[in-house]
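Colleague: I have a model open and want to learn how to read it. Could you take me through the features one by one?

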Amino acid sequence: MVVPRAVVAQRFEALEAPLGVLERLPRGLWLGGMTHAHGRLVDRLEALDAWRQALLAGRLPDVTATESDQGASWPPPRLEAGLRARMAALELAGYCRDRAELSETVLQSLLFHLDLIVDYRDRGASTAEADAMALDAFAADWAERCGEMDELIAAFGDLGDLLKNTRWDSLRGLLRSTEWREVVRIRKLFECLPELARIIRSLGRARQAEDEAASSQAVQPVTEPASVLRSAARRLRVPELPGETRGVHRSGRVARMLPAEAMLLGHPQLRLVWHARHAERTLLAYEDDDHLQEECLRPAPVLRPSLRPAPAKRLEMGPMLVCVDTSGSMQGGAEAVAKAVVLEAVRCAHAQRRACLVFAFGGPDEVVEMALGIDAPGVAQLAHFLGRSFGGGTDICGPLERAIARLEEAEWQLADLLIASDGEFGATPALAERLHVVRREQGLRVQGILIGDRETIGLLEITDHIHWVRDWRRYGRPGDGQPARGEGAEAGGSPVHSRSLTASYFPGALRNPENRARSVSPEIAAAAVRAGRHCAPDVAAQPSTPPDETRS
């Protein structure tokens, strides 16, 4: 007898239907869920799915097991209360909220530790002791991991995909290293520098912010109501002026009275009536008048166009290019502040889903380009950078050339540039002019973080705005050779009264438009010296370098 294929298929579907829950579970839970020692297979898989969904929602599942179905439910009722108490003490469900990979890892660990109960009993432990040993081992394992996650959250905020496919042994090794201790110290340091966080958040030109840009020079044409004087003709009626006779009215004018009134003057008695009417101005007289036309100026409303400052929105939330000075002059507190800038830039870029590229520069050809992200390799690279010491010379040309090259790529065209340094460098005139062209044509904004005692010509020429970290000395580590002084010479701040010493005492050294207009080329200056003159002839007529917007 041959069984039809349709009948065979229906029989297999009926047998496989209880295992349909596997389609809802991730493949990482299939093997452990099907080979686990506690509970029946189908009930265990259903319970695993319920626990996974509850952990993704940030809570523990509802209690459904009873003592009567101890062999069917998972976990068994004798283990469930203790398991819930330990997970609640660790607040493990809160860590698993919206993190599918972490929830899967927690359930895999739970299956592993509960399977060890049999081994504990084979070693002579009672059932209660074996249960407690398995639950305590699970709690101890995740207590350590929760502490590690707390450190990562404190350093980077939202972990994102950091825990996705993460090897916990390698992550644990990183978090126990001296380099990670430096990351934690730098993160605490940045809490004392809130102004730097605001500067980093404002970088980029991807979208408009809510507030308006205070430095906006844009104007817009508007029409506003105004009043002008326009010529208009006006007719004025002049009464009692001979011109046009309109009728008869009562008046005291003898020249325009009616003949009937004049006859009263010839009568000996009625002439007194005439005098009475004349005194009362009630004589019947002709009414006449005339009109005069004149030109006058009258105000008229009009709409007048005018130019007003446009309320331009401040641009922010774009890619970030960060140049960090790692030369030997940055050792001590300046080095710590520079590392804090890098850490906050990476943290801000990760939280706001922005691209961030860091250029760590020292001497010539000593430029390290790092695309740091919050993943296992990125955290390791960041910890390595923050854990090493700075040294070497200073050459700003290399990182600036790389940053300008990046701005030509579509991904980085809306980026802003941040330079964190003590300012002890100088860009070549050609590179400074090239950077100025990019700022003017592409809208690039260059922010400077001065971690030193004074502004330098090199920093003034390439930045739009400079934020001075005056008390950078206080952030050095104990024993690094830097005295912890602070706010002024006594407390650790800058002993210099002003950061603008060059502009105050050597204004002629700045390459601003006024100084450039009075400057000549080296060839002309050399010819003047050889000729014995103090200045070259026709200085004003000599071509000078095109001016830029360098501040004085």
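Modeller: We will go from the whole chain to strands, then to cysteines, salt bridges and a surface patch.

Colleague: What should I know about the model before I start?

Modeller: This is a predicted model: local features need pLDDT of at least 70, side-chain atom pairs count only at pLDDT 80 or more, and totals for chains, interfaces and linings use all residues. Residues are numbered from 1 along each chain as its sequence is written, and side-chain values use heavy atoms, with hydrogens and water left out.

Colleague: How many helices and strands does the protein chain have?

Modeller: Helices (H or I, at least four residues) and strands (E, at least two) are DSSP runs, numbered from the N terminus. The protein chain has 21 helices and 10 strands.

Colleague: What share of the residues is buried?

Modeller: Buried means under 20% relative accessible area, exposed means over 50%, and partly exposed is in between (1.4 Å probe, protein chains only). Of the 552 residues in the protein chain, 42% are buried. The accessible surface (Shrake-Rupley method, 1.4 Å probe; for residues, only the protein chains shown count as cover) comes to about 29600 Å² for the protein chain. Carbon and sulfur atoms hold 54% of that surface.

Colleague: And contacts?

Modeller: Contact means heavy atoms within 4.5 Å. Take the contacts in the protein chain with a separation of 6 or more: 76% of them are between residues 24 or more positions apart.

Colleague: Now strands. How do I read the two faces of one?

Modeller: In a regular strand the side chains alternate between the two faces of the sheet. Look at strand S5 (residues 320-325), where 6 of 6 residues are buried. Met320, Val322 and Val324 point one way. Leu321, Cys323 and Asp325 point the other way.

Colleague: Which strand does S5 pair with?

Modeller: Two strands pair if DSSP finds at least two bridges between them. S5 and S6 run parallel, joined by 6 bridges. Leucine 321 has leucine 357 in S6 as its bridge partner.

Colleague: Why is strand S9 described as largely enclosed by the rest of the structure?

Modeller: Strand S9 (residues 446-450) has 5 of its 5 residues buried, so it is largely enclosed by the rest of the structure. Val446, Gly448 and Leu450 cover one side, with Gln447 and Ile449 on the other. Strand S8 (residues 416-421) runs parallel to S9, with 5 bridges between them. Among the paired residues are leucine 418 and, in S9, glutamine 447.

Colleague: Let me zoom in on S6. What does cysteine 356 touch?

Modeller: Cysteine 356 is in strand S6 and is buried, at 6% relative accessibility. Setting aside neighbours within four places in sequence, its contacts include Met320, Val322, Ala345 and Trp412.

Colleague: Where is phenylalanine 361, and is it buried or exposed?

Modeller: Phenylalanine 361 is in strand S6 (residues 356-361). It is buried, at 0% relative accessibility. Beyond four places in sequence, it touches residues including Cys323, Asp325, Val367 and Pro399.

Colleague: How many disulfides are there?

Modeller: A disulfide is a pair of cysteine sulfur atoms within 2.5 Å. The count comes to 0. For cysteine 96, the nearest cysteine sulfur is that of cysteine 146, 8.1 Å away. Cysteine 96 is buried, at 0% relative accessibility.

Colleague: How many salt bridges are there?

Modeller: A salt bridge is a side-chain nitrogen of Lys or Arg within 4 Å of a carboxyl oxygen of Asp or Glu. The count is 17. One of them joins glutamate 80 and arginine 84 at 3.1 Å, N to O. Both lie in helix H4 (residues 77-90), 4 residues apart, about one turn of the helix. Glutamate 80 is buried at 7% relative accessibility, and arginine 84 is buried at 13%.

Colleague: Which salt bridge links distant parts of the chain?

Modeller: Aspartate 136 and arginine 86 form a salt bridge, with closest N and O atoms 2.9 Å apart. This pair links helix H8 (residues 127-156) to helix H4, across 50 residues. Aspartate 136 is partly exposed, at 40% relative accessibility.

Colleague: Which residues are linked in a network?

Modeller: Glu369, Arg402, Arg406 and Glu409 are linked by salt bridges.
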